[in-house]
Amino acid sequence: MIEFRRVWKQYQKPAWALSDVSFTIADGEMCFITGPSGSGKSTILRLITRECLPTDGQILVGGTDIRRIPASKIYLLRRAMGVVFQEFRLLPERRVFDNVSVPLRVLGMPAKDIKRKVFIALRMVDLHHRIWNTPAELSYGEQQRVAIARAVVNNPRLLLADEPTGNLDPDLAAEIMSLFREINRQGTTVVICTHDREIIRRFAGRVLPLREGRTRDREAS
Amino acid sequence: MSRGKIRRAFGDALGHLGRAKTRHAVSFAVLILSFLMAGLFLSLSNNLRERAQSLSKDVAVVVYLKATAAAGEQNDVAERARRSPLIASVRTVAPADAAERFLKDFPELKDVFDNLGNNPLPASIEATLRDPAEPEAPVIRLMDEIRALPGVEDVQFNRRWADRIRALRRLSDAVGLFIGGLLILISVAVVSGAIRLNILGRRDEIVILHLVGASNGYIRSPFLLEGLILGAAGGAVALGLVTLAVHLFPLYLGQSLGALQDLIGFAPLTAAQGLGLIAGGGTAGLLGSLAALGRVFRS
């Protein structure tokens, strides 16, 4: 699903955000990218979503070299993935329904199908009863579940999460991680960037540790 | 673009317009003012063109005769004109006919005319040119010859009036183009500023839309439509105000201008000019949107 081949990334000279990073994440895998702040975790996600390009090396997503995707077609790459952020990135003045339906509206899906799919996604995160609330009326945990529903509502093949439990207490974090596990069981490749060792210890999966922009692949027990 | 996408883009654009009301009201007012000025100058230009055209229709050398001119002298003048290859036709206008024509053209001066007691207008001979665009030199030579004949008071060439009105029209067009153009440029900048603030206000939403796979067209189209709607509506309101001015001007100000009303008047805009005003408004709005999108998305 994802392949990094000797990827280098430099935002500003002389520091390197990533140095000669190579790894492969298979279809249907659940992978944690870990490391302290500034180790390059978010850079990896930004490269996968093609928010930025590598300085050197090759990145394949679903077999496509993302460097070769013209700027005007990047949206097609992003339609195949869902992204969850630490700070949720919900639209505060819009209702839960509107927030979750954004990826479907972008696809131009008929209103009837949008309603059905949003309801299914919200039921999966157990928030279908909050469909007409605004994010401000929800707790942090609920807001993150809305963000997850938005990320999976169009059944992406790949789900990326950047510190998804960073703003949550341990119980809520575990609840969110269980959701990711469930989404992964349904066949979606899940890549989670986190510095939370406890989360990694509790949820077995492949771990890709990053330190100063370099990788050292290992399996979590 | 499918109908659903167009409907969505329009819905979003109208939603944007409904949100930042003060910002849009200012842009709208500037657009109306700009296109109102452009429309008024266009209307003024139409009026001057009509006047110049009506004067050019019968380009003639007018020979004013002395009140003491004998019938023989009158005939000599007419005959001299008729002999010239430049002249197509010759018509004698009696003082009574001249008075009738004057009162038809300037009805508001009837009281003044009546108070004079007798008709001050002289008899004249109008010699129409074969070719209205005839070079002036041979015509002037003919005029000099006629002026030397006995019984002639004055000789005038009415094409000069048409030329003067055309020059006035060119001046009015230039002033209109300058003021209208300047205001339209300002309106583009104001629309651009309003839409830029809208875009910045929706930055978070745009980032999310990008990440969930929205194309550039999907994100930009509501902002483009926003400018287009704002501009076209501004142009349409300006057109309405110009039409109102065309109808109200003669009622409130026209009479007080007297004979000058012919020159400083407004003629209705043609259908093409009206549509042009609306399309121009839309284009100005669209350009404002494009400028705003270009600036924001570049940065």
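In the predicted model, buried residues make up 32% of the 299 residues of chain B. Contacts within this chain reach across the sequence: when pairs at least 6 apart in sequence are considered, 90% of the contacts join residues at least 24 apart. Chain B contains ten helices and four strands, and along the sequence these elements follow the pattern α-α-β-α-β-α-α-β-α-β-α-α-α-α.

The four strands of chain B form an open sheet in the order E2-E3-E1-E4, with antiparallel pairing. B:Leu65 has B:Val152 of E4(B) as its bridge partner.

In chain A, the packing of two helices was examined. Helix H3 (residues 96-106) and helix H5 (residues 140-152) of chain A pack with their axes 7 Å apart, at an angle of about 30 degrees. Because this angle falls under 35 degrees, H3(A) and H5(A) are roughly parallel to each other. The crossing of H3(A) with H5(A) is right-handed. H3(A) contributes A:Val96, A:Asn99, A:Val100, A:Val102 and A:Pro103 to the contact, while A:Val146, A:Ala149 and A:Arg150 come from H5(A). Classified by residue type, the contact between H3(A) and H5(A) comprises six nonpolar residues, one polar residue and one charged residue.

The two chains also touch each other, in a contact that takes 15 residues from chain B and 13 residues from chain A. On the side of chain B that touches chain A, two or more residues are given by each of helix H1 (3-19), helix H8 (203-211) and helix H9 (216-257) of chain B. H8(B) supplies the largest share of this side, five residues. By class, the residues of chain B that touch chain A divide into six nonpolar, five polar and four charged.

Conventions: Residues numbered from 1 in each chain as written. Chains lettered and ligands numbered in written order. Predicted model: local features only at pLDDT ≥ 70, side-chain atom pairs only at ≥ 80, totals over all residues. Contact = placed C-beta atoms within 7 Å. Nonpolar A, V, L, I, M, F, W, Y, C, P; charged D, E, K, R; others polar. Axes fitted to C-alpha atoms, helices over the stretch in contact; angles between N-to-C directions. Parallel < 35°, antiparallel > 145°, perpendicular 65-115°, else oblique. Left-handed = near helix turned anticlockwise from the far one by under 90°. Pairing = 2+ DSSP bridges. Buried ≥ 20, exposed ≤ 12 C-beta atoms within 10 Å, placed from the backbone.
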